[in-house]
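Here is a short note to read alongside the structure, written as numbered points. Please keep the sequence and the model in view as you go through them.

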Amino acid sequence: MVGRDKANEIFKGAIHLLSTGSSDFLQSYYINPILNAIVTPDRFSDRLMRFYSTFIQNMYDLGARRIGVTSLPPLGCLPAAITMFGGIGSNTCVERLNRDAVSFNTKLNNTSVNLANKLPGLKLVVFDIYNPLLNMVMKPEENGFFESRRACCGTGTVETSFLCNALSVGTCSNATSYVFWDGFHPSEAANRVLADNLLGQGFSLISQT
């Protein structure tokens, strides 16, 4: 629509925001008994880091110079994770999943520093969503929420995607009181809290220095 030169200019001047890891772990690794029997979470993280490095390199080669990537959230505190991996009747975060997320995030930070040092002119920021979201889960009232274990949608345990809408049986009437909208994703109210937190972290992406 704008021509190759203008398109390249837009792409090079844009801030590119990425997320990585959540679906790889929750919807691939943990639910695949063969995969998690032969590959440790640590090795799986290493594999994802290789994919991540290649992706950032490809983005850089296309002209991207300002890239932000979100860390893993506290995986073990997501309602669906508690339901699937916390044991019958559990209502607490699954600590082994959270440990895997912390390990992954450490590797993500280290890999990102190495990439930024290797690729001239690249601004690469890792946005920490683990700690602010964990804070909302552990201290919901202090952050203006009523419920942090169950999600608003449906039963609040596993539903996501097309199973979640205003007509889903059991869906709460006031999602702003819930940290999670569905089994995997924060509510809009929680995302606003996260956004305020992340704005400060991403200042270098919008600065001219």
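This is a predicted model: local features need pLDDT of at least 70, side-chain atom pairs count only at pLDDT 80 or more; totals for chains, interfaces and linings use all residues.

**Notes on pockets, a helix and disulfides**

1. Among the residues that line it are I15, L17 and L18, together with A195, L198 and L199. By class, the lining holds nine nonpolar and three polar residues, with no charged ones.

2. Strand β1 also contains H16. Is H16 buried or exposed? With a relative accessible area of 11%, H16 counts as buried, because the cut-off for that word is under 20%. Apart from neighbours within four places in sequence, H16 is in contact with F11, M59, A64, R66, I67 and G68.

3. Helix α7 spans residues 130-138, and its buried residues are Y130, P132, L133, M136 and V137. When you look for what covers these buried residues, you will find that the cover includes α6 (95-118) and α8 (188-201). In general, an α-helix has 3.6 residues a turn, so residues three or four places apart point the same way.

4. A search of the whole structure finds three disulfides. In one of them, C77 and C93 have their sulfur atoms 2.1 Å apart. C77 lies in the loop between β2 and α5 (79-85) and C93 in the loop between α5 and α6, so this pair ties together parts that are 16 residues apart in sequence. The link is right-handed, with 110 degrees about the S-S bond, and both cysteines are buried.

5. Another disulfide joins C152 to C172, with an S to S distance of 2.0 Å. The torsion about its S-S bond is about -100 degrees, so this disulfide is left-handed. Both C152 and C172 are in the loop between α7 and α8, 20 residues apart, and both are buried.

6. C153 and C164 are also joined, at 2.2 Å from S to S, in a left-handed link with -110 degrees about the S-S bond. These two cysteines, 11 residues apart, lie in the loop between α7 and α8, and both are buried. If the bonded cysteines are numbered in sequence order, the pairing reads 1-2, 3-6, 4-5.

Conventions: Residues are numbered from 1 along each chain as its sequence is written. Side-chain values use heavy atoms; hydrogens and water are left out. Buried means under 20% relative accessible area, exposed over 50%, partly exposed in between (1.4 Å probe, protein chains only). Helices (H or I, at least four residues) and strands (E, at least two) are DSSP runs, numbered from the N terminus. Contact means heavy atoms within 4.5 Å. On a 1 Å grid over the protein atoms alone, a cavity is a set of points where a 1.4 Å probe fits but cannot get out, and a pocket is an open set with protein on both sides within 12 Å along at least five of seven lines; lining residues have an atom within 4 Å of a point. Ala, Val, Leu, Ile, Met, Phe, Trp, Tyr, Cys and Pro count as nonpolar, Asp, Glu, Lys and Arg as charged, and the others, Gly among them, as polar. A disulfide is a pair of cysteine sulfur atoms within 2.5 Å.
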